[in-house]
Amino acid sequence: MNLAAPAIALQTAALLLLAPLVSGFVRTAKARLQNRRGPPVWQPYLDLGKFLRKDMVISEHASWVFSVAPYVVFVTAVLAGLLVPMVTVQAPLSLFGGALALVGLLALGRFFLALGGLDPASAFGGMGSSREMTIAAVAEPALMLAIFTVAIAAGSTDLSRIAAASLGPTWSWLNPRQVLAFAALFIVLLAETGRIPVDNPATHLELTMIHEAMLLEYSGRHLAFMEWGASLKQLVLMTLLVNVFFPYGLAPAATPGALAFGLAAYLAKVLVVAGIVVVVETTNAKLRLFRVPDLLSAAFVLAALALFSTFLFQQAS
Amino acid sequence: MTSMHLLTLLLAVPAAAGLACLPLRSRRAMAGLNVLAFGVTLALGLGLLRRVLAGGPVTEGGGFLRADALSAWMVLLIAIVSLATALDAGRYFQRDLAAGVITPGRLREFFVLTPLFAAGMFLVVLADSLGVMWAAVEATALSSVLLVALYNRRTSLEGAWKYVMLGGLGLALALLGTVFIYAAACKNNPLPFPSFNWSHLMTVAPQLDPRLVRLAFVFALVGYGTKAGLAPMHTWLPDAHSEAPSPTSAMLSGVSLKIALYALLRFHILSSACLGAGFSRQLVLALGLLSLFLAAPFILVQDNLKRMLAYSSLEHIGVICVGIGLGTPLTIFGALLHMGYHALTKPVLFFAAGNLHQSYHTLEFRGIGHGVMVTLPVTALGLGLGAVAAAGLPPFGLFFSELTVIGGGIAAGQIAVSVLLLAALIACFGGLLLQLTRILPGQPKVARAHDGRAWDGVPAMGLLLGGLLLFSVWLPPPVLAVLHQAADIIGGRP
Amino acid sequence: MDNLSIVLLALALLGYVAGALLGLLGLRAERLANYGAFGCATLGALCGLIASVTGLAAGGAGLPHQVQLLPAFNPFAQFSIRPDPLGLFFTLIVSLIGLAVSVYSFGYVPSFYGRRSVGGFGAAFNVALLTTTLVFLADNVFFFLVAWEIMALAFYLLVSFEHEKEEVRGAGVLYFVMSHLGTGCLILGFFLLYRASGAGGFDGFHAIGARMATGPRHAAFLLFLAGFGLKAGVIPLHIWLPAAHPAAPSNVSALMSGVLIKTSIYGIARVGFDFLGAPPNWWGVTVLVVGTVSAVLGVLYALMEHDLKRLLAYHSIENIGIILMGLGAALMFAHTGHPVLASLALVAGLYHTLNHAVFKALLFLGAGAVVHATHTRNLEDLGGLVKRMPATAFFFFTGAVAISALPPLNGFVSEWLTYQSLLQGFGTTPSLIRLAFPLSGAMLALTGALAAACFVKAFGITFLGQPRGAAAAGAREAAPPMLVAQGLLAAACVVLGLFPPLLLRLLDPVTQQLAGVPLSPRLSLAGGLVLSGAAPAGGTVSTLGLVLMAGCLLPVPLGLWLVFGRGATVRRGPTWDCGLPGLTPRMAYTATGFSKPIRMVFKALFQPRREVQREYDFSPYFAKNLRFESHVEEVFQTRIYRPLHWLVWRVSRQMRAVQAGSLQAYLIYIFATLLVLLVIAL
Amino acid sequence: MNPVISSDIAAQLIALLAVLMLVVQLLLVVQRMLLTSIRLFAVQSLFLAGIGGVVASFHGAVHVYVVVALTLAGKVLFLPWLLDRQVRRMRIVQEIEPLVNFPTSMLLCGGLTVLGYVVARPFTALERLGNNTLAVALTLVLTGFFLMINRRKAITQVLALLTVENGVMLAAVALTTYGMPLVVELCIFFDVLVGVIILGLLVYRIRETFASMDVSKLSQLKG
């Protein structure tokens with residue numbers, strides 16, 4: 001497991017480029033399902049570009065935390081992405097951490113995000129932070145339990161090894177463990193990326209928004225990095241989902257052909273997952289905040305079931 | 001020359017001092033005389049210790065007086081506590097006189113009776129004949145009654161009355177026990193007057209009639225137990241202790257309880273030698289535990305400082321009895337040690353309580369209120385340290401002695417007893433802590449000026465606390481030796 | 001090397017003694033007391049730190065087996081210490097924290113000048129450090145218990161230092177009574193061992209469990225668990241902890257949270273692995289469950305607090321829980337015979353012990369600085385301090401990140417190790433028990449996330465936004481010594497976070513001693529830059545690597561900024577107030593409001609009581625003014641402790657009827673006793 | 001020296017006197033007038049002295065005469081005189097209603113007598129003279145105890161205590177023929193004497209401060 005600089009560079013680039021695209025895709029597809037034309041798929045790029053160029057207004061109450069947060073959110077998201085195998089089995093940074101580190105990095109981003117929301121003393125930021133942290137807290141056990149399940153199966157928290165294990169001869173994607181864990185992780189994905197039915201990314205209605213409430217005071221490049229970070233996080237979680245459970249086409253070695261095939265497969269899988277998200281978003285209404293924990297506890301139960309099935313099928317080593 | 005008539009002198013010096021106070025007028029002179037006398041007795045006690053260690057039991061007056069290791073130990077305790085009391089009494093009564101609480105006549109009463117009281121206690125531990133020992137205990141009771149009643153308040157009279165009635169009754173029963181023992185001695189003994197000496201009885205113990213000895217021990221237990229304040233015969237204890245002037249309370253709680261216990265011990269040893277240890281041991285153990293568990297709740301909800309201290313004495317008597325009752329060398333050793341440490345601790349608490357009483361004119365916790373630490377720092381320090389010691393916390397010795405008893409109990413497989421003991425001790429600790437937190441810390445309601453009493457009672461308290469601390473971390477070899485010998489005597493291992 | 005560390009140890013102890021004496025000498029001279037006492041404490045702690053580090057670095061090898069401090073004064077106690085690795089590791093903890101807190105006190109204590117006895121405070125402080133160190137080093141039961149009790153006493157004095165407050169006195173008493181209960185359990189437990197070994201020496205206790213009958217063995221374990229648990233404040237024995245920590249002066253709170261409650265971890269490790277050994281499975285399970293429960297409930301109650309120091313106190317309960325998870329897993333592995341995993345879990349627990357000591361002390365010192373500057377602990381009155389006390393804010397922030405187990409700081413590392421050991425525990429046993437591992441792992445995740453939420457609240461409400469009160473508005477930065485101390489601990493957080501393998505090497509002798517395996521070779525890869533979970537296949541992490549990588553990634557956003565946003569300007573402006581002019585602090589979220597969603601989610605546990613009073617003019621839709629209040633009370637308080645307290649008092653009061661005051665009654669008692677005894681005797 | 005009277009007569013005399021003591025005791029239990037009670041006690045002590053005398057003359061033990069003399073001087077003459085003086089000075093005529101009324105107390109005393117006999121039975125073998133003297137002695141102790149519980153006036157309680165004392169002395173004579181060694185007897189005697197004097201003093205002071213001798217008023221110290 002050597003640190004291949006090119007691999008890192010490539011995957012970073014891929015993440016940065018794909019993330020807005022995926023968000024754009026989701027937004028457009030959703031519009032189409034609702035019989036609206038919707039913005040073009042590349043709209044997010046344009047937004048980012050505009051944000052970066054714009055002047056900034058920073059609240060007079062804000063402190064350094066407010067200004068540091070966007071960069072931290074952005075960088076942690078990218079770092080997290082580098083821990084996940086994307087195109088190749090071998091994630092470029094897997095030596096530096098596995099699933100646990102990934103969760104930790106995302107949590108760090110969230111920590112700054114929430115503080116950034118509190119910093120300007122606005123009436124909404126606190127609301128957003130409080131809700132964000134609550135939902136994250138309730139989502140965490142399900143997430144961790146699901147990860148544990150697959151990690152136990154693979155005997156490692158290293159995502160590359162997990163992927164490899166699922167590729168390997170022992171793998172069967174109909175294994176109840178995998179199915180249940182996938183379902184659990186999918187719900188967590190919805191919660192973590194602020195999707196309906198947990199949060200509505202499109203709304204700016206004060207009382208219902210969560211993520212947006214924290215961004216309310218951000219403008220200019222800060223806002224850009226915040227948005228970008230969010231979409232990166234979403235992409236990372238999707239990647240995690242697809243490559244852990246359906247590692248088809250992950251390139252075992254860095255040969256051009258394998259890479260090309262891997263990339264194609266990867267795009268396909270991500271689009272599928274995005275599609276599912278779109279369907280969920282369009283077919284569901286947003287839940288009341290205090291209903292969300294029920295949903296997430298359902299995820300927890302699923303993960304627990306996955307664990308028990310592991311217990312049933314796997315013998316002690 | 002002194003080494004020849006050590007025991008006689010031990011009795012004579014305090015008695016003489018007491019009588020010599022009769023004609024005196026000045027408080028200073030009387031106090032000084034007392035201090036002097038008790039200083040001498042302390043020296044004598046040390047001498048006695050040395051001789052006992054050197055040559056075993058000492059006898060005098062044709063076997064009328066006899067001192068073995070156990071007696072020597074008790075003598076030491078009596079001497080130390082009396083000395084401290086005399087040191088404290090002088091300035092204590094100075095305040096009372098100034099406040100007009102007592103008359104000079106009563107004052108003389110105190111300085112005359114206290115040495116006699118002490119002399120009586122010396123006689124208890126030095127007399128060889130059980131009969132004389134009984135008479136001596138009675139004498140201590142009688143000499144202390146008037147001390148308890150010294151203030152001549154309604155309550156103090158009541159306390160004294162209960163003390164003398166219950167004590168007198170108890171002693172009558174104890175006398176009956178003594179009679180039974182003597183009867184056992186007389187039985188199938190050709191002489192018209194067989195020796196009534198404990199030492200002699202021990203030699204013939206195996207031949208004594210077990211039924212008589214049994215009966216005798218029961219009566220002695222109830223009788224002397226009453227005087228020693230064992231539950232449920234303890235009821236006079238809080239009344240007398242709280243009503244007596246503090247120096248007397250110190251004497252009562254510091255030694256006189258243990259003296260009665262000593263008398264009981266002699267019977268215990270005898271009956272163990274005759275009946276085997278089981279019988280008397282279990283009775284003592286049971287009463288000890290009862291005392292412990294009775295003491296805890298009373299300490300917790302007590303409203304009066306000195307009454308609370310009295311109940312704490314009950315607790316410690318309980319510990320000692322449990323130690324004796326467990327009956328292994330370790331626990332007996334622990335119990336004897338506990339006697340010593342408690343004798344050094346309790347007077348300090350009573351002296352401090354006396355200061356409080358004189359400055360606040362009440363002993364009710366409510367009346368005293370918060371902030372004694374602020375008003376009377378030195379007294380508060382004494383009270384605090386004494387309480388820490390009495391609660392059985394290190395570095396003070398009571399912690400060690402209690403640990404020894406508990407540990408000995410567990411090592412002997414008496415787990416249940418040890419657990420009960422520990423539980424009761426913890427409860428008492430909690431009570432003591434809670435109660436003293438009511439008065440020591442905090443901000444005083446009314447700011448009292450230091451009326452020059454800041455350093456009151458420092459000599460006495462200092463002497464005792466210093467000794468306690470010293471002997472907690474360092475037991476001089478002779479003391480250790482005498483303790484072990486005494487433990488052997490009680491354990492029936494000559 | 002070895003005798004060097006012994007000399008230094010001796011110097012440390014002497015330093016504390018000297019400090020105590022100087023404190024007493026300085027009863028009248030406050031300045032002397034302050035500098036003398038805390039100066040000695042600082043030096044002593046420094047010596048202790050060096051001594052323990054050198055000793056551990058030497059692998060605990062070559063240390064004298066036993067050192068007689070004083071001649072055996074009385075037949076009970078041998079005043080002898082034995083610096084074995086476990087003891088040295090905890091000495092390291094106490095010295096490190098002691099060092100920081102002593103330095104802090106230079107700046108903190110002067111606020112007491114003229115108001116109370118600084119000398120007494122310094123003396124008690126030194127005694128506390130001394131006895132705590134001796135607890136870790138004691139060589140026999142009696143010495144241990146003596147040190148233990150004096151420690152409790154010293155901390156009682158320190159806790160009730162500001163004794164004119166009713167609540168402070170109550171807290172002190174509660175602490176002392178609970179602690180004494182614990183001591184009772186310990187005494188019984190130790191005497192059970194004593195009975196088996198026949199001597200009080202800890203050498204004789206080694207693996208004594210094997211020679212004990214099952215009954216006493218299990219009894220001893222439970223007694224120790226209860227006794228140490230009381231000191232550690234594991235739920236439901238924690239009741240004293242949230243009361244005592246806020247009551248104490250802040251440097252004392254730091255010492256308690258950092259050191260005092262760690263003595264119990266030492267005790268459990270010592271007893272569980274060194275003395276009893278060969279644990280049956282249920283021991284480990286019990287500890288694991290206790291730990292999990294304490295962790296989750298601790299953090300949940302912490303979230304409900306808006307008293308800064310009470311909040312931190314509850315976090316101590318949580319972290320003790322996390323530590324116990326590690327120890328419990330270790331016990332289970334010891335049972336199933338996986339020494340490597342056992343030492344991994346042990347390392348996780350011990351590492352977290354050190355980490356928690358560091359960041360919790362840091363947080364308490366920060367809180368102390370805040371309280372010192374604003375004279376309030378109530379979050380609702382704070383806010384905006386990041387501008388007024390920037391350094392304190394930054395250090396507190398560091399502590400918050402660390403305690404929330406976020407990379408790259410130390411909290412993350414130890415929790416990562418804990419996760420690893422729990423994860424690998426699954427494979428160690430075929431029995432259903434193995435489900436305990438991942439489930440407690442999930443609970444650990446919940447704990448971590450909640451802790452993060454709680455510290456977003458703690459830091460955000462305290463330091464960010466606008467000041468919610470005059471006190472906060474007028475706050476000034478803390479005195480230099482206080483900042484130095486916090487800086488020291490913050491640096492420790494970073495170092496322990498970025499270079500774990502360095503410390504893990506110091507832990508080798510400990511695991512060698514307790515589990516028989518030195519671990520660091522298996523834990524560090526790539527020349528100590530990467531941390532691995534015992535089996536490299538199990539997963540690796542490198543906080544240092546992540547930080548460096550982040551450093552490499554930072555050019556991306558900066559580059560974008562340079563490319564696109566060159567012309568963009570930055571302007572300061574008011575916060576968006578929905579067009580209604582005048583944004584007041586009262587419009588921002590309060591601490592209570594922040595934790596409301598959680599309170600709702602866990603309603604079943606909290607059973608919040610809320611009262612709302614409205615006053616209308618004419619229509620219920622236009623309330624004139626509205627009074628809302630909501631409080632959460634601990635279920636243990638209301639369901640267990642209060643009834644118990646009531647019962648005790650009730651019974652005691654009724655007992656008093658015995659002493660009714662009538663002579664006749666007393667005579668009857670004697671008479672009855674006599675009759676009963678006569679019946680027995682005949 | 002030759003015995004003045006033969007042993008069986010002595011035994012019967014002693015038994016008789018002992019029983020008389022018991023009778024007196026029972027009378028005391030139901031007696032209400034203080035002065036009469038004091039006299040009764042004197043009579044009881046007289047019988048005790050009588051027993052002592054019989055023993056002495058029968059066994060020709062000189063020192064017992066000393067004890068007899070002391071008993072006569074102290075318990076038959078001095079103490080009753082002292083108490084008498086107290087009572088007269090305080091002008092108290094009779095005992096107020098006792099806790100347990102007289103019939104019941106008689107029954108109880110009957111029960112105590114039985115108990116006394118039960119306790120004493122194993123030891124009849126040891127008695128050197130008289131039969132059941134020990135039983136009587138124990139009964140005296142127990143009933144004296146009861147009397148103490150039952151009465152409220154300080155004086156009567158003192159009397160009760162003294163009857164207990166008598167019981168003990170009787171037991172001593174009964175079990176050991178000669179009583180205890182002289183020195184012990186002397187000590188005991190003087191203790192009792194001093195004791196009663198101090199009691200009298202205390203009673204006097206109580207009377208002064210409480211204006212009453214009702215002991216049941218002495219119940220301020222509680223808890």
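This is a short tour of the structure, stop by stop. Keep in mind that the model is predicted.

**Stop 1: the chains**

Colour by chain. Now select chains A and B. These two do not touch, and their nearest C-alpha atoms are 41 Å apart. Chain A does not touch chain D either; there the nearest C-alpha atoms are 56 Å apart.

**Stop 2: where A meets C**

Next, colour the chain A side by residue type.

**Stop 3**

Zoom in on S1(A). Select strand S6 of chain C, residues 570–573, as well. The two strands run parallel, joined by 4 bridges. Strands of a sheet pair through backbone hydrogen bonds, either parallel or antiparallel. Click Ile58(A): its bridge partner in S6(C) is Arg572(C).

**Stop 4: a helix in chain C**

Select residues 308–336 of chain C, which form helix H13. This helix has 29 residues. From first C-alpha to last, H13(C) reaches 43 Å, close to the 42 Å expected at 1.5 Å a residue. Is the helix mostly covered or mostly open? H13(C) is mostly covered, with 28 of its 29 residues buried. Step just past the end of H13(C) to Gly337(C), which takes a positive phi of about 75°.

**Stop 5: a three-stranded sheet**

Stay in chain C and find the open sheet of 3 strands, in the order S3-S4-S5. The pairing is antiparallel. Which strands are at the edges? Strand S3 (524–525) and strand S5 (540–541) of chain C are, as each pairs on one side only. Click Ser524(C) to find Leu531(C) of S4(C) opposite.

**Stop 6: the domains of chain C**

Colour domain 1 as 279–552 + 590–602, and domain 2 as 637–681. How far apart are the C-alpha centres of the two domains? They lie 50 Å apart.

Terms used
Residues numbered from 1 in each chain as written. Chains lettered and ligands numbered in written order. Predicted model: local features only at pLDDT ≥ 70, side-chain atom pairs only at ≥ 80, totals over all residues. Pairing = 2+ DSSP bridges. Expected span 1.5 Å × (residues − 1). Buried ≥ 20, exposed ≤ 12 C-beta atoms within 10 Å, placed from the backbone. Domains from an automatic or database assignment. Contact = placed C-beta atoms within 7 Å.
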